[in-house]
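I opened my notebook to look up a few features of this structure. Sequence and model come before my notes.

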Amino acid sequence: MNAILIVARKEFRDGLRNRWVLAITLVFAFLAIGLAYFGGSASGIVGFTSLATTIVSLASLAIFLIPLIALLLAYDSIVGEEEQGTLLLLLTYPLRRTELLTGKFIGHAAIMATSTVLGFGVAALLIGILSDELYDSELWQAFAFFILTATLLGWAFIAMAYVTSVVVSEKSRATGITLVIWFWFVLIFDLIMLGLLVISSGGGGGRWLPYLMLLNPTDIFRLANLSGFEATRNYTGLAQVTSETLTDPTILTFILVLWVIIPLLLAIWLFNHRRV
Amino acid sequence: MNSVVELQQVEKRYGNIYALENITLSLNEGEILGLLGHNGAGKTTTMKLILGVISATAGSVKLFDKSPTGAHADTLRRNMGYLPENVSFYNQLSGREVLDYFAELKGISVKARNGLLERVGLNDAADRRVKTYSKGMRQRLGLAQALLGQPSLLLLDEPTAGLDPAATNEFYRILDELRNQGSTVLLSSHVLPGIEKHIDRVAILGKGKLLANGTLHELSRQAQLPLTFHVRGMWPDMDWHKQLSEYDIEFQHVNGQRLELNGPLQSKLDIMRSLLAVPEVNDVEVIHPTLDSLYAYYNKKNNRATSP
C-alpha cells in the first residue's frame, strides 16, 4: 500500500482511538441542537428555530471552536513524533518527508471532516424534522455549504498547526504558538479591522478594507455563511460590504481552499528543510 | 570480503561546529563493529550519515556501493534496520500495532513479520498498549522493528542504554544469534563492560574524530597496554624486585603470599617463565587489557593531543 495512505490510516485510527472523532462530533452536535433550541429565546420563542437562524448563530460559534479544535488536533504531529523518537526512525524508512506530512494531513483532515459532517449533519437532520423544514432543499443546500466551509476552515487551521509543529523543537512551544495563532485570527485580527474601519470612516478606506478580511480564514468562513441568507445580511452589518467578490460563495470557497493549500505547502517545504 | 558500509574522509559540519572530521571507516559483510565513544563523540551522526537522513559536508558515504541519499535510497532502506537511541513509540497503540505500522511502511507482508515479537521476548505483552511498557520492553520493540524484513545491515544506537543486566544479557543473546546468521551490525555504545565478547572490531570516536579502529587484539598491541599478573604462593623471604629485574615491571602489591604486577605485553612469556621457575608459586593469572582500559587509553591520548 502507498506510504501516504498507511500514514493517513494510522492517524485516522489514532483519532478514533483517542476519541477525538467522538468528542468533536458530540461537541458539534450538541452545539447545533442547543443553538437551534435556545436560539430563538432572545425573541421570546423557546423551541426549535429555523435552520437558517441556526446556521447564522452556529457560524459565529464555529469561528471560535473549529480553529481551536483543529489546532489542538494537529499541533504536535511532527514535534510530538520527534519527542517520541519516532520521527528519526520514520525518516529512515522508505518514505519521503512530503509523503509523511501529506499522509498525516489526510488522516487529520478525515478526522475533521468526519466529525463535522456527522456532528452537524445529525443535528441538522434532527432540527429539520422538528421544525418542519425537512423538505426545504434551499436550506439543505445552505447547510451543506456550511458543513463544507466548516470543514475547510478546520483544514486550514490543521495546516497552520503543521507549520508550527515543523518549526519548533519542543511540544510546549508548539502549544504556545498555536494559541497565539488562535488569538490572532479569532480575536485580534477582527479588533484591528474594526479599528481600521473606524479610523478610515469617511475616507476611501471603506472600499478596500473589506478585502483585508480575505487575509483571515475565519472571516472568509463568516462571510461565506452569513451572506448566503438575505435575512441575515441586514443585521450582521454585511449590507455595508456590497462587493460582489466578497459575497460570491464560489470565490469565497476557493479562497478558503487556498488557505488550506498554502500553509500546507509551506509546512511541507519547511519540513523538507528541517534539520534532524 | 565485501564492504557493506564505506566512509571515505567524511566530514559533517553544522555551521562552524564539526560533528565529524575526516572519518574513514568500513564495515565488512558479516562483521559486528562496535562504535564506541562518549556522549557527543559523533556516534549518532555517523549512523545518520549511513542511514541517509543527513548528508556529509565532505567525503563520501557508500552503502552497498551506492549513495544512501541517492536514487537507490528506498531499496537500500528496505535492506537496513535501525534502532534509534531514544524511542518510546506510540503510547496509545499496542506493541503488535506499532510493529505492524512499521512493517507496512517497509512493505513487509504479515507472514514475514510473524515471530519477531516472540524472538525479542515480547509475545506476552504484544497486545498491551505501549504506554504500559518498561524501558527495556520498548527497547525490545525497537529491536523487533529493526529486524523487520531480515535486513542485511543493522544499525543499533545505544541498544543497551537503560537496560538492566538481565535485559542486557538477553540483548547480547540476540546479537550473537544475528552474528551466527551472518548479519552485519554496527553497534554504538558507551556502556562497555561485557561487550568485548560480542563484537568483532572496535572503532573509537572522540570529539568527532576516529581515534582507533581495529580488532581488540590489534588495538591492545598498538596501545602497548601492560598485562596484569596475579601470582599466589608462599614465599616468606623472596625478593621479587631482584628476581624480575630484567623486565620493565611495575609492582602493585607484594607480600608473603600475593604478588600483583604489570608487565609489558611483549615479555609475557618471559615473565611467565620467570614466575613459574620459582617453586613456591602455586598459581599465576594473566589479565589482558580490557576494552575499558583501551578506551580510556585512546581517549586520554586524544585529550593530550588536542589540549594546548
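My entries follow, topic by topic.

**Ground rules.** I work with a predicted model: local features need pLDDT of at least 70, side-chain atom pairs count only at pLDDT 80 or more, and totals for chains, interfaces and linings use all residues. Residues are numbered from 1 along each chain as its sequence is written, chains are lettered from A and ligands numbered from 1 in the order in which they are written, and side-chain values use heavy atoms, with hydrogens and water left out.

**Confidence.** I looked up pLDDT, the predictor's confidence in each residue, from 0 to 100. Chain A averages 86, and 86% of its residues score at least 70. Helices (H or I, at least four residues) and strands (E, at least two) are DSSP runs, numbered from the N terminus.

**Salt bridges.** I counted a side-chain nitrogen of Lys or Arg within 4 Å of a carboxyl oxygen of Asp or Glu. The count over all chains is 21.

Lys10(A) and Asp14(A) form one, at 2.7 Å from N to O. They are four residues apart in helix α1 (residues 3–17) of chain A, so about one helical turn separates them.

Next I checked Lys43(B) and Glu158(B), whose closest N and O atoms are 2.8 Å apart in a salt bridge. This pair links distant parts of the chain, 115 residues apart. Lys43(B) and Glu158(B) are buried.

Glu170(B) and Arg173(B) also form a salt bridge, at 2.7 Å. Glu170(B) counts as partly exposed because its relative accessibility is 27%. Arg173(B), at 37%, is partly exposed too. Shared partners join Arg119(B), Glu170(B), Arg173(B) and Glu177(B) into one network of salt bridges.

**A sheet in chain B.** Which strands form the open sheet, and in what order? I found four, β11-β12-β10-β13, with antiparallel pairing (two strands pair if DSSP finds at least two bridges between them). β11 (250–254) and β13 (281–287) of chain B stand at the edges with a single partner each, so one side of each has no neighbour in the sheet. Strands β10 (residues 227–233) and β12 (residues 258–263) of chain B pair over six bridges. There, Val231(B) stands opposite Leu259(B).

Notes
Buried < 20%, exposed > 50% of the residue type's maximum accessible area, 1.4 Å probe, protein only.
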